[in-house]
Amino acid sequence: MAAKKRPRRVWARSGSPADKPKIPDVLKARAQTEADTLLEHFRPLHIRPEENPQFNYITELSSVWFRGYLYLRAIYANVYPHGDPTFEVRFTRLEYAGGEKFNLAYMRHTGQWWEVYHDLPLEDAIRTIREEIIFHP
């Protein structure tokens, strides 16, 4: 008796960038403004002048859009002689989920994004970032 032939397996993409909703410009500008206001609150807490630094330290906090994601990022000064004098670490991500809702994620120590909250209104997402320490730099 002949063995059954198994069907050939093929890798295929499960979704395309066209499947994600496009963020309206008005909401994008409002989210950017809210994030920048939040970072103004974070600056005195996380940016301190270093006189004799032994470790890398935060010099700036900013936000940046990339596709449908708004990233909150910290710019660090590199105190070691090798490498670039500064480097960027993204610590919180707001993903546009449609309507006026966002998904909220933080960067884990493994280097992967961990999505914690889904479909939050912008005001709730900003309040959550302010209150929960896992979203801080």
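**View 1. Helix H1 along its length.** At 1.5 Å a residue, the 22 residues of H1 should span 32 Å, and its end C-alpha atoms lie 30 Å apart, which agrees. The expected span is 1.5 Å times one less than the number of residues. Helices (H or I, at least four residues) and strands (E, at least two) are DSSP runs numbered from the N terminus. H1 bends by about 25° at Glu40, and Pro44 follows within four residues. The bend is the angle between axes fitted to the seven residues ending at a position and the seven starting there.

This is a predicted model: local features need pLDDT of at least 70, side-chain atom pairs count only at pLDDT 80 or more, and totals for chains, interfaces and linings use all residues. Residues are numbered from 1 along each chain as its sequence is written, and side-chain values use heavy atoms, without hydrogens or water.

**View 2. The buried residues of H1.** These are Leu27, Ala31, Ala35, Leu38, Leu39, Phe42 and Arg43. Buried means under 20% relative accessible area, with a 1.4 Å probe and protein chains only. They pack against S1, S2, S3, S4 and H2.

**View 3. The largest nonpolar core.** It has 26 residues. Such a core joins buried Ala, Val, Leu, Ile, Met, Phe, Trp, Tyr and Cys residues through side-chain atoms within 4.5 Å. Phe102 is among those with the most contacts inside it.

**View 4. Ser63 in strand S1.** Ser63 is found in S1. At 12% relative accessibility, Ser63 counts as buried. Its side chain makes polar contacts (N or O atoms within 3.5 Å, one able to donate a hydrogen and the other to accept it; sequence neighbours count only if both atoms are side-chain atoms). One joins Gln32 at 2.6 Å; another joins Asp36 at 2.8 Å.

Technical notes
Buried means under 20% relative accessible area, exposed over 50%, partly exposed in between (1.4 Å probe, protein chains only). Contact means heavy atoms within 4.5 Å.
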